[in-house]
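Here's a quick walk through this model, starting with the chain as a whole and ending with a pair of rings. Have the 3D view open as you read.

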Amino acid sequence: MSGRYSKAAKGSIRLTGKVAGQDFVREIPVELPETETDHDVLATLWGRRRIDDLVREELDSSQDQTARVKKQEEIAEVGLNFKLMTRYTSFVAIDEVVFYRN
């Protein structure tokens, strides 16, 4: 399970379900900081999962041209925002180092 939040918060996540036919409830206390540079890779993980979800939604909307184009735009936007390659984005590496020959 993964998710994304937009501002700092404190609270709990409640998981409910069944385990071996028995009800299961687990409260998980969380404190979500404004920023956490130690976990920057999680943003990339979220972005990749979001793109995967959007690709599935794009495939599901294959009969509706308008919805499909909207999903393609969303995929490209997430790719650009998170610097991820998608079928609608690409990146070019540019070397900014100048070498002089004597």
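## The chain at a glance

Of the 102 residues in the chain, 16% count as buried. Keep in mind that this is a predicted model.

As for secondary structure, you'll find two helices and two strands, and going along the sequence they come in the order β-β-α-α. The chain's radius of gyration is 20 Å, well over the 13 Å that the globule rule gives for 102 residues, so the chain is more spread out than a compact globule. Along the principal axes, the C-alpha atoms fill a box of roughly 75 × 45 × 25 Å.

Looking at contacts between residues at least 6 apart in sequence, 35% join residues at least 24 apart.

## The ring pair

How many aromatic pairs does the structure hold? There's one aromatic pair. Trp46 and Phe82 form it, and the pair is tilted.

| Trp46–Phe82 pair | Value |
|---|---|
| Centre to centre | 5.6 Å |
| Angle between the planes | 45° |

Is Phe82 buried or exposed? Phe82 has 17% relative accessibility, and buried means under 20%, so Phe82 counts as buried.

Technical notes:
Residues numbered from 1 in each chain as written. Predicted model: local features only at pLDDT ≥ 70, side-chain atom pairs only at ≥ 80, totals over all residues. Heavy atoms only, no water. Helix = DSSP H or I, 4+ residues; strand = E, 2+ residues; numbered from the N terminus. Rg over C-alpha atoms; globule rule 2.2 N^0.38 Å. Buried < 20%, exposed > 50% of the residue type's maximum accessible area, 1.4 Å probe, protein only. Contact = heavy atoms within 4.5 Å. Phe/Tyr/Trp six-rings, centres within 6.5 Å; stacked < 30°, edge-to-face > 60°.
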